[in-house]
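Please examine the sequence and the structure shown below before reading further.

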Amino acid sequence: MIPMPDMHIDYNRHLMHKNVWRVYVEMPMQNAPADDPVFMDIAVDVIAPDCDLAHYIVARMYPDYESISVRDSPLSA
């Protein structure tokens, strides 16, 4: 049984405390193996204490990325 938490820290709370980073990812996409890749730009919001960890998390989530970039400052409310 999962206990009832005393507190719930949601996305807005992380945003208020500047722990949300927008990470931009360029991903190759192919409909079939013989097709030339088409690149799709994706923005991923990541909860992390710093931009380095946000970058690492996205690199692990999307290992086939072409490029990744993160701004030097977190998102703000």
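This is a predicted model: local features need pLDDT of at least 70, side-chain atom pairs count only at pLDDT 80 or more; totals for chains, interfaces and linings use all residues.

Residues are numbered from 1 along each chain as its sequence is written, and side-chain values use heavy atoms, with hydrogens and water left out.

Helix α2 spans residues 51-61; helices (H or I, at least four residues) and strands (E, at least two) are DSSP runs, numbered from the N terminus. Within α2, Ala-54, Val-58 and Ala-59 are buried, where buried means under 20% relative accessible area, exposed over 50%, and partly exposed in between (1.4 Å probe, protein chains only). Seen down the axis of α2, these buried residues fall within an arc of 135°, so they line one face of the helix; the arc is that of the directions from the helix axis to the C-beta atoms. The buried residues pack against the strands β1 (20-29), β2 (38-47) and β3 (67-70), contact meaning heavy atoms within 4.5 Å. On the other side of α2, Asp-52 and Arg-60 are exposed.

What caps the N-terminal end of α2? The cap is Asp-50, whose side-chain oxygen lies 3.1 Å from the backbone nitrogen of Asp-52. A polar atom of the Asp-50 side chain also lies 2.8 Å from the backbone nitrogen of Leu-53. Asp-50 is located in the loop between β2 and α2 and is partly exposed, with a relative accessible area of 33%. Asp-50 and Asp-72 are 22 residues apart in sequence, and their C-alpha atoms are 9.0 Å apart in space.

Terms used
A polar contact is a pair of N or O atoms within 3.5 Å; within protein, one must be able to donate a hydrogen and the other to accept it, and residues adjacent in sequence count only if both atoms are side-chain atoms.
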